[in-house]
Amino acid sequence: MFYNGKNHYKGLGMMSGTSLDGVDLAACDFNFENDNWNFEILQAETIPYPSFWVDRLNRVMEASAAELASLNMDLGKYYGKIAFEFLNHHKLEVDYIASHGHTVFHDAEKGFTFQAGNGVAIAAATHQPVIYDFRTADIVRGGQGAPLVPIGDELLFNSYSACINLGGFANISYNKDGKRIAFDLCPANMALNFLAQKANLPFDYNGELAASGRIIQPLLFELLHLEYFSKNPPKSLGKEWFLQSFLPILNKYEGEQIQDLSRTVCELIAIVIMRSLFDVQPKEKGVLITGGGAHHHFLLQRIKELSTLPIAIPSPCIIDFKEALVFAFLGLLFLEQKPNILSSATGAETDSIGGCLYLP
């Protein structure tokens, strides 16, 4: 591999979350010294999806095979366009682009996953080497194909007790007995945004909607007794599970006030997080919370109130772009031909080097 053995890289990480907020781009500088990788986010930006893409991605699970193939290529061209414009606007040069793509299907139990946004199209538009399709290598080794961020938590954020990301789904990563354990916890922004949009809000700004509500105890009881929450890791969640298992319970209570439904979902998230921390060894820096849900002040308040460990909130840049940063790092490890997916987190037979490389 022509990159192997470098101690300095500049990479662009691209991440599209299940909540369809937009595409996160983070241009990162990585430097290896004293047996550790250090990083700096040079520039970062979230490009909101135009309504055309929100509608198209919301309908993709019902698309025909031809429509899915067309969307995959069109989305890759769109990603390439915004990446090219981002690099030009900030006058940045990078060694590579690492793109997660947008998850359309993810069902580890059935052995498949698919992230749209063709990497070849990104490479053609940007004239940069592109690494994409990170999850498949783990799936074929019997893993969940998720979560992928733990290797970044282990090598870039290991001074924290645990790392929790509040994205479309909440997930956790921590080191136990020398191994990095990680798994999806529960729906987060996917459920909270779904409810906020019923109140004609794009999202629950600062958690004001949930803060004004009360807990619906029967709903909380039903949600907490979903089978997923009693399963041991490794385990992962996808939109299919949200639609088939979580949403039908939520819809049973659609006559309730939206603020009460939002308050109840916040309580669920805080309780599931509290339970997940029972196994975590405390470290000085506490539990790192990132992702869009870290801007939900009421949810954070409940997490802090229920948690037995101190909660650490980093800079806004890390809150919003940690996942894009880590995908840039996954691309670096791919180029170094070093494992970037941990079997201890996914349950696969072995660690693997996830990704496909396309050279422009």
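Helix axes here are lines fitted to C-alpha atoms, for helices over the stretch in contact, and the angle between two axes runs from 0 to 180 degrees between N-to-C directions. The model described is a predicted one.

**Two helices in contact**

Helix 8 covers residues 217-224 and helix 10 covers residues 258-276; the two pack at an angle of about 40°, and their axes are 10 Å apart. Angles under 35 degrees count as roughly parallel and those from 65 to 115 as roughly perpendicular. Helix 8 and helix 10 are therefore oblique to each other. Their crossing is right-handed.

On the side of helix 8, the contact is made by Leu-219, Leu-220, Leu-223 and Leu-224. These residues meet Leu-261, Thr-264, Glu-267, Leu-268, Ile-271, Val-272 and Arg-275 in helix 10. Sorted by class, the contact of helix 8 with helix 10 has eight nonpolar residues, one polar residue and two charged residues.

**Aromatic pairs**

A pair of aromatic rings is described by the distance of the centres and the angle of the planes. Rings of Phe, Tyr and Trp pair if their centres lie within 6.5 Å, and by this rule the count comes to 18 aromatic pairs. Two of the pairs are listed below.

| Pair | Centre to centre | Angle between planes | Type |
|---|---|---|---|
| Phe-39 and Phe-157 | 5.4 Å | 45° | tilted |
| Phe-203 and Tyr-205 | 6.4 Å | 50° | tilted |

Phe-157 has 6% relative accessibility, so Phe-157 counts as buried. Phe-39 has 27%, so Phe-39 counts as partly exposed.

Phe-203, at 44% relative accessibility, counts as partly exposed. Tyr-205 has a relative accessible area of 53% and is therefore exposed.

Ring pairs also link several residues into a cluster, made up of Tyr-9, Phe-30, Phe-32, Trp-37, Tyr-96 and Phe-329.

**A mostly covered helix**

How many of the ten residues of helix 6 are buried? In this helix (residues 189-198), seven are buried, and helix 6 is mostly covered. The buried residues are Asn-189, Met-190, Ala-191, Leu-192, Asn-193, Leu-195 and Ala-196. After helix 6 comes Asn-200, which has a positive phi, near 60°.

Technical notes
Residues numbered from 1 in each chain as written. Predicted model: local features only at pLDDT ≥ 70, side-chain atom pairs only at ≥ 80, totals over all residues. Heavy atoms only, no water. Helix = DSSP H or I, 4+ residues; strand = E, 2+ residues; numbered from the N terminus. Parallel < 35°, antiparallel > 145°, perpendicular 65-115°, else oblique. Left-handed = near helix turned anticlockwise from the far one by under 90°. Contact = heavy atoms within 4.5 Å. Nonpolar A, V, L, I, M, F, W, Y, C, P; charged D, E, K, R; others polar. Phe/Tyr/Trp six-rings, centres within 6.5 Å; stacked < 30°, edge-to-face > 60°. Buried < 20%, exposed > 50% of the residue type's maximum accessible area, 1.4 Å probe, protein only.
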